[in-house]
Amino acid sequence: MATANVPATIPALGGEAGLNRYLAEIRKFPLLKPEEEYMLAKRWEEHQDPEAAHKLVTSHLRLVAKIAMGYRGYGLPVSELIAEGNIGLMQGVKKFEAEKGFRLATYAMWWIRASIQEFILRSWSLVKIGTTAAQKKLFFNLRRMKGRINALEEGDLRPEDVKQIATTLKVSEDDVISMNRRMAMGGDTSLNLRMSEDGEGEWQDWLTDEGPLQDQIVAERQESDVRHQLLVEAMEDLNERERHILTERRLAEDPRTLEELSQEYGISRERVRQIEVRAFEKLQRGIRKRASEARLLESA
């Protein structure tokens, strides 16, 4: 793995004034190839190797910055959003299990977003955003919905826009109106605002599509194909009855009941359940074994 020009430690953010420097510094960390990432993850998982964890974290700092930029409209310093996202990344690395066949970026994104969102919720306070799950969902989706229907101008929403958002997000129209006013009071950051006094870049330079990146789409599609192939191959480890019961109970779009399968095979419902559990455990072992063998072949 190349190590040239790689800083020895994670760069310090140093507040908004140092954001340009931080973004430049984290670009020096190399991205990892799948086999490099796997071996580092195993070193951390099995030996708690701090150097391995450091490389896993630093190779994904750019991902954290990109995700954090998507939350800058909540009136909070981007440097603080990135700092919280970095905490989420480190939690993701700590819990990452390479054997499951996922790339770290796919797994860590959940931890990064969760950490940033929790920070935003704490900063805005429950008084501002509400306490119910529906209100929190509205808080984090209202801006996106307004952008989708071209309703980003300041002030109250048009009645037809309120109705459309309320219907889509399954909340009341009063909640939409109230949340829109509360968020407007929080203030928005101009997209043309300089990232620092002496910097050339503007916030809009880091504007990202809220949808997945193209390389992420390709990577996830490849991972999905691999997981599907592992599942198909592991199903061959099951006998015909185990395969049929597991498919009918866990893989079918309309799962059948224990009672239906017990009548089909002339056995008790408890026996069907035992076969299902045994088949699922056998399937898991088969998938893990094949995933491990595939990793070894890639690294050979």
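This is a predicted model: local features need pLDDT of at least 70, side-chain atom pairs count only at pLDDT 80 or more; totals for chains, interfaces and linings use all residues.
A residue counts as buried when its relative accessible area is under 20%. Leucine 89 has 0% relative accessibility, so it is buried.

**Overall layout**

The protein has 14 helices and zero strands. Of the 300 residues in the protein, 37% are buried. Taking contacts between residues at least 6 apart in sequence, 62% of them join residues at least 24 apart.

In soluble globular proteins, nonpolar side chains tend to be buried together. Here, the largest nonpolar core holds 52 residues, and Ile82 and Val176 have the most contacts inside it. Helix 6 (residues 104-124) supplies the largest share of this core, with eight residues. There is also a second, separate core of six residues, including Ala234, Leu238, Leu246 and Ala279.

What does isoleucine 82 touch, once neighbours within four places in sequence are left aside? Its contacts are Leu13, Leu19, Tyr22, Leu23, Val64, Ala65 and Ala68.

Leucine 89, our opening residue, lies in helix 5. Not counting residues up to four places away in sequence, leucine 89 touches Val57, His60, Leu61, Val64, Ala108 and Ile112.

**Helix 1 against helix 5**

Two packed helices are described by the angle between their axes and the distance between the axes. For helix 1 (residues 19-26) and helix 5 (residues 78-95), the angle is about 35 degrees and the axes are 11 Å apart. Their crossing is left-handed. Helix 1 contributes Leu19, Tyr22 and Leu23 to the contact, while helix 5 contributes Val78, Ser79, Ile82 and Asn86. By type, the residues of this contact are five nonpolar, two polar and no charged.

Is leucine 19 buried or exposed? Its relative accessibility is 0%, so leucine 19 counts as buried.

The table lists some residue pairs with their separation along the chain and the distance between their C-alpha atoms.

| Pair | Separation in sequence | C-alpha to C-alpha distance |
|---|---|---|
| Leucine 19 and valine 78 | 59 residues | 8.3 Å |
| Leucine 89 and valine 57 | 32 residues | 6.8 Å |
| Arginine 113 and alanine 68 | 45 residues | 8.0 Å |
| Aspartate 175 and leucine 138 | 37 residues | 8.3 Å |

Arginine 113 is found in helix 6. With 33% relative accessibility, arginine 113 counts as partly exposed. Leaving aside neighbours within four places in sequence, arginine 113 is in contact with Ile67 and Tyr71. Aspartate 175 has its place in helix 10, and because its relative accessibility is 27%, aspartate 175 is partly exposed as well.

**Helix 2 and what follows**

At 1.5 Å a residue, its 14 residues should span 20 Å, and the end C-alpha atoms are 20 Å apart, so the two values agree. The buried residues of helix 2 include Glu37, Tyr38, Leu40, Ala41, Lys42 and Trp44.

Which residue follows helix 2? That place belongs to glutamine 48, whose phi is positive, near 55 degrees. Most residues other than glycine have a negative phi. Glutamine 48 has its positive phi although it is not a glycine. Glutamine 48 sits in the loop between helix 2 and helix 3 (50-58), and its relative accessibility of 47% means that it counts as partly exposed.

Lysine 170 is another residue other than glycine with a positive phi, in this case near 60 degrees. Lysine 170 lies in the loop between helix 9 (159-169) and helix 10 (173-186). Its relative accessibility is 70%, so lysine 170 counts as exposed.

Notes: Residues are numbered from 1 along each chain as its sequence is written. Side-chain values use heavy atoms; hydrogens and water are left out. A nonpolar core is a set of buried Ala, Val, Leu, Ile, Met, Phe, Trp, Tyr and Cys residues joined through side-chain atoms within 4.5 Å. Buried means under 20% relative accessible area, exposed over 50%, partly exposed in between (1.4 Å probe, protein chains only). Helices (H or I, at least four residues) and strands (E, at least two) are DSSP runs, numbered from the N terminus. Contact means heavy atoms within 4.5 Å. Axes are lines fitted to C-alpha atoms, for helices over the stretch in contact, and angles run from 0 to 180 degrees between N-to-C directions. A crossing is left-handed if the near helix is turned anticlockwise from the far one by less than a right angle, and right-handed if clockwise. Ala, Val, Leu, Ile, Met, Phe, Trp, Tyr, Cys and Pro count as nonpolar, Asp, Glu, Lys and Arg as charged, and the others, Gly among them, as polar. The expected span of a helix is 1.5 Å times one less than its number of residues.
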